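Here are my notes on the structure you sent. They are set out as numbered points, to be read with the model open.

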Amino acid sequence: MIPINHTAASRGGKALGLDSCVKVGLNVPPYVVVTSDYFSEHIDAAQVRPLLAQLDRELRKEPAPPLDYLAPLCQEIRHRITSADAPRRLRATLGDARGELGPGAMAIRSSMVGEDSAQKSYAGQLESFLNVLGLDECVRCVLACWASAFQPHTVLYMHSAGARVEDTSVAVVVQQMIDATKSGVAFSADPVSGVRETVVVSAAWGLGEGVVSGGVDADEYRFTRDGQPRGQTLTHQEAMVVSDLDGGTKLSAVPKEQADSAVLSADDGARICAITVRAEKWFGVPVDVEWTIAEGVLYVLQARPITGLPPAPPVRQSLSHRSFDNSNIQESFNGYTSPLTFSFASLAYERVFTDFAQAVGVAPGELATFKPYARNMLGYLNGRVYYNLQSWYAMLGLLPGYETNKEETERVMWHLEEPADESESRAASQGLLRRARLFKVGVRIAANFATLDLSVARFVRNFDRVYTQIDRPALATQSIDELNKAISIVHREMMDSWQVPNVNDLRVMMTCGAIRRITAELDGDTADSVFADLMSNIEGIESIQPTLLLAEIADCIGRDGALRTLVLDTEQSTVDVYERLTASDSSVAQRLQDYVSRYGDRSAGELKLETQTIRDQPHTLVPLLRNLVAHSDIVAERLTNRPATAFRKARRDTAARLGPLRRIYFRAIVSWARKSVADREKLRLLRTYAFGATRDIYRAYGMRLHELGALDSPEDIYMLTVDEIDAYVSGRAVSSDLDSLVATRRLEHKSYLDVDMANRIDVEGLPYQQVGAVVSSPENHTAEKMKGLGCAPGVVRAKVVVVESPTDAVAVAGKIICAMRTDPGWAPLFPTAAGLIVERGSSLSHSAVVAREIGLPTVVGVPGVTRWLCTGDEVLLDGERGTIERLPRDPANEGGDAA
């Protein structure tokens, strides 16, 4: 602990903290202390003490007086302090201090006796002044520091701490001003969870005043105590606090090239971590340290115990650090997801990735080690589905080339905003035996790749055979026993035979990653757009087929006057319009029935078992058809002029800059990648069919259990898990009162519906004990430009329409669609749109694939864009550079663009 003696007591808490930092060898800017006896002399001369005694009497009254009642008396005290002549020796002392510290600017910081103790920090209670120029200003600022001890909120804080106002004693630290480039605060323990093993650092550009006051956005970093990164949350920083040439500080714009860059380098973080841990060892308790960096030199400006820190967790929990991220999984399970869907998806992921590991020849011992991770490929927080990143890294660790595979997964497949700590999930041994095993796995993967085209064809045939065993129209009336047989087909014949799609996904990752590395080497900042061109105009992309087929149906409707009038009549319900379309004797009726039969499961949220799909509600096609019919000219232009030259040019230009051998390799890898992406889209449709059949089976379970009196409503089935349903119908349920179970779960999940969840969640210990820390804070973007991942080239200037669901009857024609997330069910909206902006996603997400095929300028991976943009905003979208510029609104058109 800090040594306290009679001499030290007159220096105040902040000065004592700095004294300790100097003793422990930390780099503290030079300072001198105006001790508290100067303060005592001044308030005696200014006739303040009688007023302090009066203030103490007021504070002792019951109930405690409000702030506005104390304000006049406090104001008079402060006025007397600042207007009275300063002690003569104060000016002399400050003059000597300026001579000792140098001719530059000073920082004047209050140092109250009792401040920065382990019980009360007085944080933010007293004033400090930065960039103080000249002796007169130094004197004025010292008086202002003294006076700030008597602000109404400060005296109430003092009274609550059990101190008398009459005993107030204030010293002042006069310190050499450091004109910092980056500053912040570091905590040697997590101030929210109380976990002592984590160092938390807030950092912003410029002076630390902005971070301490909360006046500017700050990045947050987490480290182990030895300085290893454990995660970071970066913010878009637009403003920073800097020194004003005339003295004091001001807000200034952060340079554009820094606004979205990490404030701290890895070296910065390690150094800050080291000084924070060192300060804690001296103080003997967890501390927060105010730091600043100027010209690469790290300074400590303040150190004090953390007050109000939650108690440390009583035991060290296993798997203490976990990272959950929805960068890619949101495309499959967007928004709130039911317990039934999550439990089925979690089981499916466990089984298919365990089978995948076996298929590529992972040794039995390593497979056994992986199985606990396989059970936890997905996380479920507040009703949202996340990837458990440590489990995914564990799977990648089973394959050769871990570092490359990890980077390709994060950048190409997921477009992960920040990597996670994977140390716990990686195999520790890299000895000869493990290398031999990895070599064996690599050989097996190569063999799988060599025969993959044949395997894909065989998989499709086998899937069709199994799928036809499930009579989907008959499921609604089948018995429990019949449903048990149907769901066993899903588990035994589908999930246990899903190795080929996963091997193909691996080929997508490896080939696209290889291409991305080549383009990054040759094209630097434009690598994303070159990659997008190389992945455009792929023959046989299944994801675009529903859109093309729907466009053909819309074209038929448009050429039939009566049907065109019917579809465009917004006064009629969509149900009536669809029934009349399917009752007509035109080819449209049969085409619609064929569409629903083939693509009825391809809907927004198509993998969620609670989703009402187009197959369930075919009338939801009407708004999509209406949009296509009304804007047939745009559709024709978009779909008949699909880009074909961009791919050939990108392949030719890139190959021309490579040597002969690398050119051959490049052309081959591009060919494999394009074939793999096409197969991926084909196989994903089969997955949609599998989930569609599963949806029908569990929906039928809900009807049967309702009819038998086990559930109040058929829809209650979505509140149960697949294990609970199977246990109930099999006679091994630990709770047979399903209604009570559903009621309890509905009550809990009701609070999840309107929660805005963070995209990335890093937790220490048990996730559900930190649920309050995982809710997303709304971004407050004030910049007029944002950047994401350019996925489909083209520059367009148009107004934005923010869309929550493709089934919303919104006017998207000629506008730029802006969405939180998309999936294949959104594709029919794209032909009439001018552009696409998606908050989440990667260059290989379904929306990006379809957008490239139809030449729709697209940017994905733009955090917070749905809060930054509003319907009616006009933007300049560059799908090549990945930029979005918000243009000034035209007052003449305000309010005229509601969709």
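1. In the protein chain, 71% of the contacts with a separation of 6 or more are between residues 24 or more positions apart. Bear in mind throughout that this is a predicted model.

2. Overall build. The protein chain has 899 residues, and 55% of them count as buried. Its secondary structure comes to 33 helices and 24 strands. Along the principal axes, the C-alpha atoms fill a box of roughly 100 × 70 × 65 Å.

3. The largest nonpolar core. This core holds 159 residues. Leu581, Leu621 and Phe830 touch the most other members. Helix 29 (residues 660–707) gives the largest share, with 18 residues. A second, separate core has 43 residues, among them Ala46, Val139, Val172 and Val174. As background, nonpolar side chains in soluble globular proteins tend to be buried together.

4. Leu621 close up. Set aside the neighbours within four places in sequence. Leu621 is then in contact with Leu550, Tyr578, Leu592, Tyr595, Val596 and Ile614.

5. Helix 30. This helix spans residues 722–730, and Val722, Ile725 and Ala727 are buried in it. What covers the buried residues of helix 30? Helix 12 (339–359) and helix 29 are included in the cover. Just after helix 30 comes Gly731, with a positive phi of about 85°.

6. Strand 15, burial. Strand 15 covers residues 384–388, and five of its five residues are buried. Both faces are covered. Arg384, Tyr386 and Asn388 lie on one side, with Val385 and Tyr387 on the other. Note that Arg384 and Asn388 are buried along with the rest.

7. Strand 15, partners. Strand 14 (residues 378–381) pairs with strand 15 in the antiparallel sense over four bridges. In that pairing, Tyr380 stands opposite Val385. The hairpin of strand 14 and strand 15 has two residues between the strands, and Asn382 takes a positive phi near 50° there. Strand 13 (residues 321–325) also runs antiparallel to strand 15, joined by two bridges. Phe324 stands opposite Asn388 of strand 15.

8. The largest cavity. The structure holds six cavities of 30 Å³ or more. The largest has a volume of about 700 Å³. Which residues are closest to its centre? Of the 34 residues in the lining, they are Phe353, Asn502, Asp505, Arg684 and Arg687. By class, the lining divides into 24 nonpolar, five polar and five charged residues.

9. Which helices line the largest cavity? At least two lining residues each come from helix 12, helix 14 (389–396), helix 15 (402–413), helix 19 (480–494), helix 20 (499–523) and helix 29. Two of these names have come up already: helix 12 and helix 29 are also part of what covers the buried residues of helix 30.

How values were computed: Residues are numbered from 1 along each chain as its sequence is written. This is a predicted model: local features need pLDDT of at least 70, side-chain atom pairs count only at pLDDT 80 or more; totals for chains, interfaces and linings use all residues. Side-chain values use heavy atoms; hydrogens and water are left out. A nonpolar core is a set of buried Ala, Val, Leu, Ile, Met, Phe, Trp, Tyr and Cys residues joined through side-chain atoms within 4.5 Å. Buried means under 20% relative accessible area, exposed over 50%, partly exposed in between (1.4 Å probe, protein chains only). Contact means heavy atoms within 4.5 Å. Two strands pair if DSSP finds at least two bridges between them. On a 1 Å grid over the protein atoms alone, a cavity is a set of points where a 1.4 Å probe fits but cannot get out, and a pocket is an open set with protein on both sides within 12 Å along at least five of seven lines; lining residues have an atom within 4 Å of a point. Grid points are joined across faces, edges and corners, and a volume is the space filled by probe spheres set on the points. Ala, Val, Leu, Ile, Met, Phe, Trp, Tyr, Cys and Pro count as nonpolar, Asp, Glu, Lys and Arg as charged, and the others, Gly among them, as polar.
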